[in-house]
Amino acid sequence: MTLTQTLAIGDIRLSALRDGELSFVPSQFPDAPPDEVDGLMLQAGVSSLPSAINAYLIQVAGRTTLVDCGPRDLFGPGAGRLHTALAECGVAAADIDRIVITHLHGDHIAGAVDASGDAVFGNAELCVHQADHDHYTSDINRARAPDASRRGFDLARQVIDAYGARYTTYTDNTDFGHGVFAMPLPGHTPGHAGLRLDSGGDAVLLVADIVHCQLLQLGRPEWGTVFDVDRDRAAATRARLLDQLASERVLFSGSHFERHPLGYLVRGLQGYRFEALGD
C-alpha cells in the first residue's frame with residue numbers, strides 16, 4: 001500500500017504522507033449527543049470513529065519542507081510510518097531543511113525527536129507559531145492543565161529544546177517564500193495554523209486539525225473535541241473554513257482525513273461531504 005499522494009501546484013511539488021491510522025471514541029466529542037453519534041456509527045457500519053494521521057512534504061526552489069512530523073511510536077503500531085512515506089518520495093531525514101509545525105500536539109511533533117529526545121532532522125529549521133510557543137512554554141498554563149495534558153506541555157518543550165538555535169517562530173500569514181503562506185486557524189490551539197500553497201495559478205490549503213473525524217464533524221461542524229484548547233473558537237473557525245472550502249471549491253487536505261487526503265468539500269443535505277482526489 002502506498003503511503004503517499006503527490007501532485008504539482010504550479011512550481012510546488014506537494015506530497016501528502018500517510019503516517020498511520022487511528023480511531024476515536026464518542027466521549028472525545030463532548031458536544032455530540034450520544035444517540036446521534038450511535039446513529040451515525042450504525043449507518044457507517046463502524047464500532048469506533050475512524051481517522052488518520054497525515055503529514056506533508058513541500059518541495060520547491062531547491063527547498064524541502066516537512067509539515068508536521070507524526071507521533072513516532074506514541075500512538076501504537078498503527079502509526080509511525082512517516083519515514084517510510086518520505087522514502088517513497090526519495091527523501092531522507094537529512095534532506096529536510098525546514099519543518100513547519102501546524103500546532104504543538106503530540107501527533108504532530110513527537111516525530112521531530114527520537115525516544116531520547118534528540119532531534120531527528122539534523123539539518124532542519126523547526127518553525128512553530130508564536131502563539132503556540134507562548135502557550136506551551138508557559139509554566140502557568142502547564143500548572144493549570146489537567147495531569148494528562150501536562151505530558152503534552154513537556155513534549156513540546158522537549159522538541160523546542162532539541163532544535164536549539166534551529167528553532168524559530170512564525171505568526172499569522174507568515175510568508176515562507178515561493179508561494180507558501182501560513183494561514184491562522186485558531187481555537188484547537190492558540191496558534192493552530194494551516195498553510196496555503198499558491199503557485200502558477202493553482203492553490204491548495206493544508207488545514208491541519210480543522211476536522212478530527214469526517215464521519216462526525218463534516219455533518220456537524222459545531223461538535224468539538226476534548227483536544228481543543230478553546231472549543232467554541234475552534235468550532236467557529238471550523239464553520240468558517242468549511243464554508244470557504246465548499247464555496248470556493250478549493251483543493252485541500254486535512255491532517256486527519258482518511259484514505260486519499262487531498263480533495264474537495266461539497267455541501268450535503270446536512271453539512272458537507274468530502275470528494276477525494278482520485279476517487
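Is Arg249 buried, partly exposed or exposed? Arg249 counts as partly exposed, because its relative accessibility is 43%. Here buried means under 20% relative accessible area, exposed means over 50%, and partly exposed is in between, with a 1.4 Å probe and protein chains only.

Some ground rules come next. This is a predicted model, in which local features need pLDDT of at least 70, side-chain atom pairs count only at pLDDT 80 or more, and totals for chains, interfaces and linings use all residues. Residues are numbered from 1 along each chain as its sequence is written, and side-chain values use heavy atoms, with hydrogens and water left out.

Back to Arg249. This residue is found in the loop between helix 8 and strand 12. Helices (H or I, at least four residues) and strands (E, at least two) are DSSP runs, numbered from the N terminus. Arg249 is a residue other than glycine.

Now step back along the chain into helix 8. This helix covers residues 231-248, 18 residues in total. From first C-alpha to last, helix 8 reaches 25 Å, close to the 26 Å expected at 1.5 Å a residue. The expected span is 1.5 Å times one less than the number of residues.

Which residues of helix 8 are buried? They are Ala234, Ala235, Thr237, Arg238, Leu241, Leu242, Leu245 and Ala246. They cover an arc of only 165° around the axis, so they sit on the same side of helix 8. The arc is that of the directions from the helix axis to the C-beta atoms. An α-helix has 3.6 residues a turn, so residues three or four places apart point the same way. The cover over the buried residues of helix 8 includes strand 11 (202-206), helix 7 (214-217), strand 12 (251-253), strand 13 (262-267) and strand 14 (272-276).

Next, look at helix 6. Its buried residues are Phe153, Leu155, Ala156, Val159, Ile160 and Tyr163. They line one face of helix 6, because they fall within an arc of 160° seen down the axis. On the other side of helix 6, Asp147, Arg151 and Asp161 are exposed. Among the elements that cover the buried residues of helix 6 are strand 5 (98-101), strand 6 and strand 7 (167-170). Helix 3, helix 4 and helix 5 also belong to that cover. Gly164 follows helix 6, and its phi is positive, near 50°.

Strand 6 deserves a stop. Val128 has its place in this strand, residues 125-129. Val128 counts as buried, because its relative accessibility is 1%. What does Val128 contact, leaving aside its neighbours within four places in sequence? Val128 is in contact with Ile101, Leu104, His133, Tyr167, Thr168, Thr169 and Tyr170. Contact means heavy atoms within 4.5 Å. Val128 and Val100 are 28 residues apart along the chain, yet their C-alpha atoms are separated by 6.4 Å.

Compare Leu42, in helix 1 (residues 34-44). Leu42 counts as exposed, because its relative accessibility is 73%. Leu42 and Val25 are 17 residues apart in sequence and 14 Å apart in space, C-alpha to C-alpha.

Ala61 is found in the loop between strand 3 (49-60) and strand 4 (63-67). Ala61 has a positive phi of about 55°, although it is not a glycine. Ala61 is exposed, with a relative accessible area of 54%.

Last comes the empty space. Rolling a probe the size of a water molecule over the atoms shows where empty space is left. On a 1 Å grid over the protein atoms alone, a cavity is a set of points where a 1.4 Å probe fits but cannot get out. A pocket is an open set with protein on both sides within 12 Å along at least five of seven lines. Lining residues have an atom within 4 Å of a point. Grid points are joined across faces, edges and corners, and a volume is the space filled by probe spheres set on the points.

The largest pocket holds about 900 Å³ of space. Of the 30 residues that line this pocket, His105, Ala148, Ser149, Gly152 and Phe227 are the closest to its centre. Helix 6 gives the largest share of the lining, 6 residues.

The count comes to 1 cavity of 30 Å³ or more. Residues that line the largest cavity include Ala234, Thr237 and Arg238.
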